[in-house]
Amino acid sequence: ASNKTVFRLEGTRRFGKDRRHRADFSYHYYNRSASTDLRADIEYKDLSFSVGETVSATLNINIFKLSYGYAFLSDDRMNIDGGIGLYVMPIETSLSGSTSGSDAKDITAPLPTLNLHFDFALTERSYLRQTIDVLYLELGDFRGGILNMNMSYEYLLTKNIGLGIGLESLRINVEADGKDYPSIDFIGNIGFNYFGGTLFARYYF
């Protein structure tokens with residue numbers, strides 16, 4: 001059996017005389033848990049899991065993202081922004097058996113990204129929005145990659161309130177074999193793939 005939980009909160013601020021500058025902050029929470037009854041003996045580090053034992057695994061990823069962008073193309077109907085961002089990702093993993101004990105690991109992965117934002121006004125009240133964040137980095141024994149894509153349709157009910165629907169795809173891979181990257185001190189690989197729909201509300205100040 002497996003379960004997934006996803007939560008997202010974000011804010012955007014445009015500033016400057018021509019409002020071409022953009023600052024974004026977002027918080028994402030992803031949880032994936034699963035359990036199964038083993039059909040064979042398994043050894044993991046200092047733990048031994050036996051046939052028939054119930055083993056549970058959990059992955060929690062908290063993502064704090066801060067980014068800056070500049071609209072290199074802007075008019076009454078369209079904004080295209082390019083910029084840089086920083087993902088700070090506390091990652092928690094655990095593996096436990098019903099009779100054999102447990103093992104848990106926490107790391108925090110700070111990863112810079114390049115980002116692209118696209119906003120297009122379909123009508124005075126409806127908008128198509130797309131965001132892409134991408135990174136691939138190798139540093140010594142560390143390798144990290146992010147590909148986050150979000151596309152949404154938003155309709156303004158009032159001047160300050162919008163409702164929307166969207167699709168999000170997130171792929172994260174962190175692989176390390178030591179301390180070559182700041183705040184990363186573990187040996188192993190963490191991979192996470194998510195694709196799903198979103199329903200959201202947005203408030204404009």
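Modeller: A pocket is an open set of grid points with protein on both sides within 12 Å along at least five of seven lines, and its lining residues have an atom within 4 Å of a point. The model is predicted. The largest pocket is lined by 46 residues, and those nearest its centre are Thr12, Arg22, Arg129, Arg202 and Tyr204. About 1,400 Å³ of space lies in this pocket.

Which strands supply at least two residues of the lining of the largest pocket? They are strand 1, strand 2, strand 5 (54-74), strand 6 (78-97), strand 7 (101-121), strand 8 (126-139), strand 9 (142-156) and strand 11. Strand 1 gives the most, with nine residues. By type, the lining of the largest pocket divides into 18 charged, 15 nonpolar and 13 polar residues.

The second largest pocket has a volume of about 390 Å³. It is lined by 17 residues, and Tyr44, Thr93, Lys105, Asn189 and Ile190 are the closest to its centre. Strand 5, strand 6, strand 7 and strand 11 each supply at least two residues of this lining. Here strand 11 gives the most, with six residues. The lining of the second largest pocket holds eight nonpolar, six polar and three charged residues.

Strand 1 (2-15), strand 2 (21-37) and strand 11 (184-203) each supply at least two of the lining residues, and strand 1 gives the most, with three. Three residues of the cavity lining are nonpolar, two are polar and two are charged.

Asn31 lies in strand 2. Is Asn31 buried or exposed? Asn31 counts as buried because its relative accessibility is 14%, and the cut-off for buried is under 20%. Asn31 and Thr5 are 26 residues apart along the chain, yet their C-alpha atoms are separated by 5.0 Å. Leaving out residues up to four places away in sequence, Asn31 touches Asn3, Lys4, Thr5, Thr58, Leu59 and Asn60. With Asn60, the side chain of Asn31 also makes a polar contact of 2.3 Å.

Arg14 has a relative accessibility of 12%, so Arg14 counts as buried. The side chains of Arg14 and Asp81 are joined by a polar contact of 2.9 Å. Neighbours within four places in sequence aside, the residues in contact with Arg14 are Arg19, Arg20, His21, Arg22, Ala71, Asn79, Asp81 and Asp119.

Among those contacts of Arg14 is Arg19, which lies in the loop between strand 1 and strand 2. Arg19 has a relative accessible area of 47%, so Arg19 is partly exposed. Most residues other than glycine have a negative phi. The phi of Arg19, however, is near 55°, a positive value in a residue other than glycine.

Notes: Residues numbered from 1 in each chain as written. Predicted model: local features only at pLDDT ≥ 70, side-chain atom pairs only at ≥ 80, totals over all residues. Heavy atoms only, no water. Helix = DSSP H or I, 4+ residues; strand = E, 2+ residues; numbered from the N terminus. Nonpolar A, V, L, I, M, F, W, Y, C, P; charged D, E, K, R; others polar. Buried < 20%, exposed > 50% of the residue type's maximum accessible area, 1.4 Å probe, protein only. Contact = heavy atoms within 4.5 Å. Polar contact = N/O pair within 3.5 Å; in protein donor to acceptor, adjacent residues only side chain to side chain. 1 Å grid on protein atoms, 1.4 Å probe; cavity = no way out; pocket = protein on both sides within 12 Å on 5 of 7 lines; lining within 4 Å. Points joined across faces, edges and corners; volume = space filled by probe spheres on them.
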